[in-house]
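Good morning, and thank you for joining.

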Protein chains: 2
Amino acid sequence: MNVTIVGATGEAGLSIIDALSSSSNEFKLTAFVRPASINKLEVGQIKNKGVSVVPINLESNHEGLVKALAGQDVVISCLVPFTTGPEIALATAAKEAGIKRFVPSAFGPPCPPAGVMLLRELKENIINHVKKVYLPYTIIDVGLWYQVSLPPLPSGKIDYALKFPATVVAEDGSHATSVTDLRDVGKYVAKIITDERTLNKYVFAYNEVWTQEEIHSHLEKVSGEKIPRNLMPTKDIEATIADAQVKYDASDKSLPFIFGLAGPQYLYCEWFRQDNLPEPAKYLGYLSTKDLYPNFEPIKYVDYVDEVVQGKGKSIYADR
Amino acid sequence: MNVTIVGATGEAGLSIIDALSSSSNEFKLTAFVRPASINKLEVGQIKNKGVSVVPINLESNHEGLVKALAGQDVVISCLVPFTTGPEIALATAAKEAGIKRFVPSAFGPPCPPAGVMLLRELKENIINHVKKVYLPYTIIDVGLWYQVSLPPLPSGKIDYALKFPATVVAEDGSHATSVTDLRDVGKYVAKIITDERTLNKYVFAYNEVWTQEEIHSHLEKVSGEKIPRNLMPTKDIEATIADAQVKYDASDKSLPFIFGLAGPQYLYCEWFRQDNLPEPAKYLGYLSTKDLYPNFEPIKYVDYVDEVVQGKGKSIYADR
């Protein structure tokens with residue numbers, strides 16, 4: 001199976017390349033990389049895993065893209081969700097090239113299509129384009145990554161692994177969310193893209209469900225430290241989002257304003273509204289990896305926490 | 001089962017009331033009607049079928065709506081799709097009233113969510129709101145109504161039944177679409193709203209698939225008249241839509257501009273793009289009534305054509 005990955009140097013892309021390049025299935029991997037990024041460290045790492053790297057621009061390059069996609073079976077986008085133009089151009093070319101399955105950039109929490117998260121709405125614009133041209137697709141969401149789920153310890157001893165520490169507790173901590181190890185994302189993708197049952201479907205891949213209080217208590221037990229709970233009522237996060245929305249609407253929609261809005265919206269979706277749970281995902285039309293692959297053995301959350309506390313964790317976006 | 005129908009005096013609403021009021025299932029029917037419409041002829045007809053009519057405004061009346069919906073199991077909207085505010089207000093109240101299934105106004109062709117039909121996009125805004133508040137729902141689309149599928153005869157003899165004659169033939173007439181008798185719409189709805197398999201799903205209810213050439217040939221055979229084919233290439237309908245889009249964008253979005261755009265877009269969706277077929281519907285996530293209800297016997301298209309040619313047809317929107 002010929003698989004092209006676009007946006008391969010992000011965290012989701014690297015997890016997918018790791019899994020596909022070490023899978024027993026026969027994946028022949030290609031990565032599309034912007035010509036400007038061709039000398040990046042991560043691109044060299046990808047090449048070392050046997051991936052063919054193709055320097056190519058996505059926009060204003062329709063014929064070139066169609067040609068570069070010839071003979072590919074699956075295209076996986078791990079592009080950043082801050083803009084839609086490049087991925088829409090990729091989908092248009094994928095349709096013309098006869099791609100058998102397009103996996104748009106998702107790999108986040110299940111979320112209603114509109115009115116909750118700006119980044120979801122941008123992704124929906126791409127999904128809607130995919131559907132308009134009847135490009136075969138699979139949407140894969142994976143919940144909250146383990147790697148961004150932990151609060152910091154007062155001693156600072158796990159700060160090395162927490163690029164985005166989880167410092168806010170929704171309400172009284174009793175709210176739950178679905179968590180998945182980033183290293184399992186690629187393994188799920190390897191199963192999903194070779195599974196006819198998931199064609200033209202949404203799939204929710206997740207490892208475990210934890211409340212915030214359970215996460216705090218468990219980390220306290222493992223670390224021996226007492227962690228303060230920074231409780232926040234729903235009305236406060238809603239006020240923060242409303243404020244960020246006003247600033248975003250009045251802005252040039254550049255990255256700082258997108259981040260300003262997307263940050264609290266992620267918290268709102270994942271912890272306050274609790275969209276990121278198996279039942280809401282089912283309501284929203286997702287198949288579940290628990291039903292599809294009952295024998296899959298994901299990395300346990302308690303094992304991840306042990307790693308981090310023992311100093312063996314790894315920060316995401318470490319080199320950037 | 002307590003069922004409230006909103007927009008009950010439209011064609012879809014009347015079909016649904018006919019079917020539910022004569023069904024062997026126990027439906028207790030209520031119709032919400034604008035206070036200004038309470039003395040309309042159709043409202044009297046609805047009352048005669050045993051429907052409780054409640055005069056009520058949908059907008060700026062949240063508490064009143066919640067109260068009026070108390071104890072209802074299913075809410076079916078047949079509101080016109082030219083605006084979203086009233087139906088969004090209805091959905092919000094339905095969520096608060098604990099409605100077990102909300103059927104948004106659809107009853108048209110399956111269609112990608114964006115970029116094809118303005119009226120679909122308006123409906124999607126409502127569906128997105130329904131999903132945001134996790135209101136249990138079923139989307140029911142029914143394809144092209146028999147009642148708007150026939151071309152006129154040169155003699156004018158079937159004009160009495162054709163409120164919207166089908167005067168344009170896409171390309172060479174070989175394109176197909178799915179057709180459904182308006183009188184069957186309500187019968188499908190009666191089955192679907194009592195079926196747990198359709199909860200939080202999209203359902204495509206259709207009777208038969210015909211090409212435009214087959215429709216013309218059949219009508220010629222039954223009527224004995226020769227019907228000219230008004231062939232139109234795809235580029236012409238696309239140019240018409242582009243022109244209507246410019247006018248709509250520059251307009252006050254009032255009904256004449258909506259109709260100017262929606263008219264050619266319906267043709268484009270149903271006959272040129274061929275969105276309105278079982279396979280695209282499946283791709284778009286719809287269940288099919290052919291799978292759900294294999295023993296259902298819909299009105300045959302040839303019988304409908306016989307009725308019309310024999311002068312026994314009935315125009316839709318006849319009294320308006």
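**A helix pair in chain B**

In this predicted model, the axes of helix H8 (residues 234–249) of chain B and helix H9 (residues 255–272) of chain B come within 9 Å and cross at roughly 155°. Axes here are lines fitted to C-alpha atoms, for helices over the stretch in contact, with angles from 0 to 180 degrees between N-to-C directions. Helices (H or I, at least four residues) and strands (E, at least two) are DSSP runs, numbered from the N terminus. H8(B) and H9(B) are therefore roughly antiparallel to each other (an angle over 145 degrees).

Which residues make the contact, meaning heavy atoms within 4.5 Å? From H8(B) they include Ile237(B), Ile241(B), Ala244(B) and Tyr248(B), and from H9(B) they include Leu261(B), Pro264(B) and Tyr268(B). By class, this contact has eleven nonpolar, five polar and two charged residues. Nonpolar means Ala, Val, Leu, Ile, Met, Phe, Trp, Tyr, Cys and Pro; charged means Asp, Glu, Lys and Arg; the others, Gly among them, are polar.

I turn now to the sheet.

In chain A, three strands form an open sheet in the order S6-S10-S13, with parallel pairing; two strands pair if DSSP finds at least two bridges between them. Strands S6 (138–141) and S13 (286–288) of chain A each have a single partner strand, so one side of each is left without a neighbour in the sheet. From one strand to the next, the twist averages 30°. Strand S10 (residues 201–204) of chain A is joined to S13(A) by three bridges, and Val203(A) stands opposite Leu287(A) in S13(A).

Finally, the conventions. Residues are numbered from 1 along each chain as its sequence is written, while chains are lettered from A and ligands numbered from 1 in the order in which they are written. Local features need pLDDT of at least 70, side-chain atom pairs count only at pLDDT 80 or more, and totals for chains, interfaces and linings use all residues, while side-chain values use heavy atoms, leaving out hydrogens and water.

How values were computed: Parallel < 35°, antiparallel > 145°, perpendicular 65-115°, else oblique. Contact = heavy atoms within 4.5 Å.
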